[in-house]
Amino acid sequence: MSASGVYILVILAMSCCAAPNPEKEILCSPYDPVVKGKLVVTKTQYKIGDEIDVQCEEGYMLQIEPNKRRECTANGWSPSTRCVSTKCDRPDIKHGFINRDYYYPKEVGRYLDYYCDINYQPREWTRIYCTNAGWKPEPKCSRECSYRDAYFENAQFKDLKSVYVEGDKVQFTCMGNYQTPDGINYGERTCLPNGKFTPAKCSVTCMAPQLQNGKFNQIKNEYEIGEFLQYECNKGYMTEKRHLSGKSQCRDGRWSEAPHCIQQSSV
C-alpha cells in the first residue's frame with residue numbers, strides 16, 4: 001500500500017472515532033424576539049426538550065395554544081411564541097339589546113352598553129368591557145319573578161322584595177301546626193328561568209286510623225286536608241249510621257268522623 005493510501009485510512013479512522021463537538025449541540029436562545037411579548041427567562045441556555053413561558057403584552061395573547069408552554073426543538077421554540085391582539089366578538093345576549101351594535105370584533109379595553117327586555121334584569125343600561133378573558137362582567141339578562149307569585153296558603157314569608165331574578169330565593173315559615181311535605185315547618189322557593197317559583201306548600205295531614213271489623217278501600221300513611229278515606233265493614237257489621245260502607249274526611253289534621261264498624265245485631 002502506498003504512503004498516500006495509509007494516510008487516507010488514518011484520516012477516516014480519526015473521523016469515525018472522533019468525539020462529538022459540544023459546541024454544535026442545538027440550543028434555543030432565551031433572547032429570541034417575541035412579537036408583542038417576551039420570554040420568561042429562568043436560565044441562560046435551553047436544550048432540546050426544555051420548556052419556557054411567554055408573557056404577552058396587555059391586550060395580546062399567544063396565537064397558538066395559549067395555555068401551553070413553549071418547547072425547545074431542532075427548529076426553535078414550538079409552538080410559536082407570537083402574541084396576537086385579543087379581541088371580543090359580538091356577545092349573544094338573549095332577551096337583551098346592545099347599544100350601537102356594530103364594529104366587531106372589539107379590542108381589549110373597548111366597551112359596550114346593553115339593557116334587557118321587559119320582565120328581565122337589568123332594566124337599565126349596563127356597561128361591559130372587552131378583556132383578555134372576554135366580556136366582563138359577563139353580559140346576561142335574567143328572568144324576573146314577582147313576589148306575588150311566591151305566596152301560597154298557610155305560610156309566612158321573610159324579607160320579601162318586589163322583584164326577584166332567576167336563582168334568587170325567598171324563605172317561608174309554615175303557620176301553626178302546618179308543615180311542608182318534608183315534615184318541617186319552614187322552607188324556601190327559588191325563582192326559575194321561566195319566571196315561576198319552585199313549588200311549595202304548607203299543610204296539615206291526618207294519619208291513617210285503625211279499623212276493626214272492616215277494611216279501607218285505599219290505605220296510605222298520611223292524608224292531606226280535604227281527602228276522603230273510604231271503608232267497608234265486614235259481613236255482619238255496619239257503620240254507626242247503619243250503612244255497609246262509610247267515608248271520613250281529613251279536616252285540619254283530624255278526621256270528620258272516626259271509621260267504625262259495629263255488629264248489626266247490637267243495634
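1. Let's begin with the overall make-up. The protein has one helix and 28 strands, and please bear in mind that this is a predicted model.

2. How much of the protein is buried? Of the 267 residues, 29% count as buried. The protein exposes about 18500 Å², and carbon and sulfur atoms supply 48% of that area.

3. Next, a word on confidence. The pLDDT averages 85 over the protein, and 90% of the residues score at least 70. Residues 4-23 need some care when you look at them: the pLDDT there is below 50, and this stretch has two contacts in the model beyond near neighbours in sequence.

4. Contacts also tell us about the chain as a whole. Taking the contacts in the protein with a separation of 6 or more, 36% are between residues 24 or more positions apart.

5. Now find the open sheet made of three strands, in the order 17-19-20, with antiparallel pairing. Which strands are at its edges? They are strand 17 (155-158) and strand 20 (186-190), each of which pairs on one side only. From one strand to the next, the twist averages 35 degrees.

6. Stay with that sheet for a moment. Strand 19 (residues 169-174) runs antiparallel to strand 20, and five bridges join the two. To see the pairing on screen, look for Q171, which stands opposite E188 in strand 20.

7. Four bridges join strand 14 to strand 12 (residues 111-116), and the two run antiparallel. Here Y114 has T126 of strand 14 as its bridge partner.

8. Strand 14 also pairs with strand 15 (residues 134-136), again in the antiparallel sense, over three bridges. A hairpin of two residues links strand 14 to strand 15. T131 has G134, in strand 15, as its bridge partner.

9. Finally, zoom in on S248, which lies in strand 26 (residues 245-251). Is S248 buried or exposed? S248 counts as buried because its relative accessibility is 1%, and the cut-off for buried is under 20%.

10. What surrounds S248? Leaving aside neighbours within four places in sequence, S248 is in contact with E227, F228, L229, W255, S256, E257 and P259. One of these, S256, also makes a polar contact with S248, side chain to side chain, at 3.3 Å.

Conventions. Residues are numbered from 1 along each chain as its sequence is written. This is a predicted model: local features need pLDDT of at least 70, side-chain atom pairs count only at pLDDT 80 or more; totals for chains, interfaces and linings use all residues. Side-chain values use heavy atoms; hydrogens and water are left out. Buried means under 20% relative accessible area, exposed over 50%, partly exposed in between (1.4 Å probe, protein chains only). A polar contact is a pair of N or O atoms within 3.5 Å; within protein, one must be able to donate a hydrogen and the other to accept it, and residues adjacent in sequence count only if both atoms are side-chain atoms. Contact means heavy atoms within 4.5 Å. pLDDT is the predictor's confidence in each residue, from 0 to 100. Accessible areas come from the Shrake-Rupley method with a 1.4 Å probe; for residues, only the protein chains shown count as cover. Two strands pair if DSSP finds at least two bridges between them. Axes are lines fitted to C-alpha atoms, for helices over the stretch in contact, and angles run from 0 to 180 degrees between N-to-C directions.
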